[in-house]
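Thank you all for making the time this morning. I would like to walk you through one model, chain by chain, and then turn to what lies between the chains.

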Amino acid sequence: MRSLVVLFRKELHASFTSPIGYTVATVFLLVLGYTFSLTLFATKVANLTYIFHQIYVLSILLVPVLTMRAFAEERRSDTLELLLTAPVPEVAIVMAKFLAALALVLGMFLGSLAYAVILGLFGDPDWGPIYSGYLALTLHAGLLVSVGLLMSSLTENQVVAAALSLGTMLMLWFADAVAYLLPQPLEVFVLNLSLIGHFRPMVSGSVFLSDIAYFITLSLLALFLTTRRLSER
Amino acid sequence: MSKRYQSHVALDRLDLDIHQGEVFCLLGPNGSGKTTFIRLLTGYLTPSSGRLTVAGRDVTADGLAVKRMIGYVPESVPLYGHMRVEEFLRFMARLRALPHAAIDGAVKRVVELLSLEAVVRKPIRALSRGYRQRTALAQALVHDPEILVLDEPTNGLDPRQIIETRALIRSLSGHRTILMSSHILSEVEKTAHRTALLLNGKLLGVRAIAETPDLEAWFLSVT
């Protein structure tokens, strides 16, 4: 447990001293602010559903940039050898990187709370979908970071790692569109893999255990595979 | 013990004992299997067959306990460039589970031992090759390990730094076991108590330096 805390602090420190984190967060918040203002003035409706979908899309595009360095950079600079020969279990290394990247992504998402506060001050929003929307975003961030770490563990090239995570997330996003082309029972299976299919109900205020289980299961699977990948030496 | 990568045999049925308190050097040309053996011992790699034990503990089955006993400097001297020297040493001390109260003393000890006082607050990325090597040695010693493993410790150093590093290695032996690798005969003669000659993943022989007046002749006779 202690090694997890030590590694988590190191990862968090590295995230906050890297210009990548600040650049991604700035782009993310600028685009989000722009979208929020446009939507609010155009529709005059006090809800955040549109913003949640914007965050969903933006994070699929931007989180791979944050996670691409995680293992690829350690492998390229040989510091992975330093970590793997220290008395630390592989799972602690993976979890420390996961929690630090998740903290950074959630920190970015936290900026959007300002919009909820504005809606609360000047309108009468339905808070249920806002709470469930943030739950959906948290689970979505967990999955994005886990997949990003897995892809980063497969290569020492950061760009390849980012492209692999982006490709995987886009394939999950559009799985429902692909599903209709497949025969039964493959159709149901692929349909259930659809990222947007599990995200959309939650941001509309409908929280199903199956949707929560989808995000948690896939995240744990990606983290498990990352740990296995590190153990293969 | 053997290590294979698909059809390539990196180490072929190696059978070797290293004694407590000695400076043992793996000698051999590049690609002979020295780094592979070191990586197996430090737990970075796992053997394809056979067994490797450190002080009676199996490196694969009891990996964390073995890693606690070892301080290791890889050949590439990997360091976190964004950290300052002191910050890095503290990080490595914490990672090696040193008690919180002992960290200040441990860092001070290795900073003095490796003469790092002048650079202790500098970012690692700004250090010269010599200081990087010393910082890497300091992190390997910060938990006062029983075993020190150095892969090509004088690689890339200037003559003065090479002499200093050799003297340091000899000074560190005695109460701890040192395993190092080298492809330079004179280095082995000046630093090690015993040496093992590796070639193409095979062990060609083990010799005590004191009993081998002409290491070069022995090297030529077995290779």
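Let me begin with chain B, whose secondary structure comes to 8 helices and 10 strands. Its radius of gyration is 17 Å, close to the 17 Å that the globule rule gives for 223 residues, so chain B is as compact as a globular protein of that length. Please keep in mind throughout that this is a predicted model. Along the principal axes, the C-alpha trace of chain B spans about 50 × 40 × 30 Å, and of its 223 residues 42% count as buried. If we take the contacts in chain B with a separation of 6 or more, 66% of them are accounted for by residues 24 or more positions apart.

Strand 1 of chain B pairs with strand 2, residues 8-11, in the antiparallel sense, and the pairing runs over 3 bridges. Within that pairing, Arg4(B) has Val9(B), in strand 2 of chain B, as its bridge partner. The hairpin formed by these strands has 2 residues between them, and Gln6(B) takes a positive phi near 50° there. Is Tyr5(B) buried or exposed? Tyr5(B) is exposed, because 10 other C-beta atoms lie within 10 Å, and the cut-off for an exposed residue is 12 or fewer. For orientation, Tyr5(B) and Gly56(B) are 51 residues apart in sequence, and from C-alpha to C-alpha they are 27 Å apart in space.

Now to chain A, where the secondary structure comes to 13 helices and 0 strands. The radius of gyration of chain A is 19 Å, close to the 17 Å that the globule rule gives for 233 residues, so chain A is as compact as a globular protein of that length. Its C-alpha atoms fill a box of roughly 55 × 50 × 30 Å, taken along the principal axes, and buried residues make up 40% of the 233 residues. Of the contacts in chain A with a separation of 6 or more, 78% are accounted for by residues 24 or more positions apart.

One helix of chain A deserves a moment, namely helix 6, residues 90-110. At 1.5 Å a residue, its 21 residues should span 30 Å, and the end C-alpha atoms are 30 Å apart, which agrees. The buried residues of helix 6 of chain A include Ala92(A), Lys97(A), Phe98(A), Val105(A) and Phe109(A).

In soluble globular proteins, nonpolar side chains tend to be buried together. Here the largest nonpolar core has 124 residues, and those that touch the most other members are Val105(A), Leu89(B), Val110(B), Ala138(B), Val142(B) and Val149(B). The largest share of this core, 13 residues, comes from helix 8, residues 127-154, of chain A. Leaving aside its neighbours within four places in sequence, Val110(B) is in contact with Leu89(B), Ala138(B), Leu141(B) and Val142(B).

Finally, let us consider where the chains meet. The contact takes 19 residues from chain B and 18 residues from chain A. On the side of chain B that touches chain A, the elements giving two or more residues are helix 2 (63-69) and helix 3 (85-95) of chain B. By class, that side of chain B has 10 nonpolar, 5 polar and 4 charged residues.

Definitions and conventions:
Residues numbered from 1 in each chain as written. Chains lettered and ligands numbered in written order. Predicted model: local features only at pLDDT ≥ 70, side-chain atom pairs only at ≥ 80, totals over all residues. Helix = DSSP H or I, 4+ residues; strand = E, 2+ residues; numbered from the N terminus. Rg over C-alpha atoms; globule rule 2.2 N^0.38 Å. Buried ≥ 20, exposed ≤ 12 C-beta atoms within 10 Å, placed from the backbone. Contact = placed C-beta atoms within 7 Å. Nonpolar A, V, L, I, M, F, W, Y, C, P; charged D, E, K, R; others polar. Core = buried A, V, L, I, M, F, W, Y, C linked by C-beta atoms within 7 Å. Expected span 1.5 Å × (residues − 1). Pairing = 2+ DSSP bridges.
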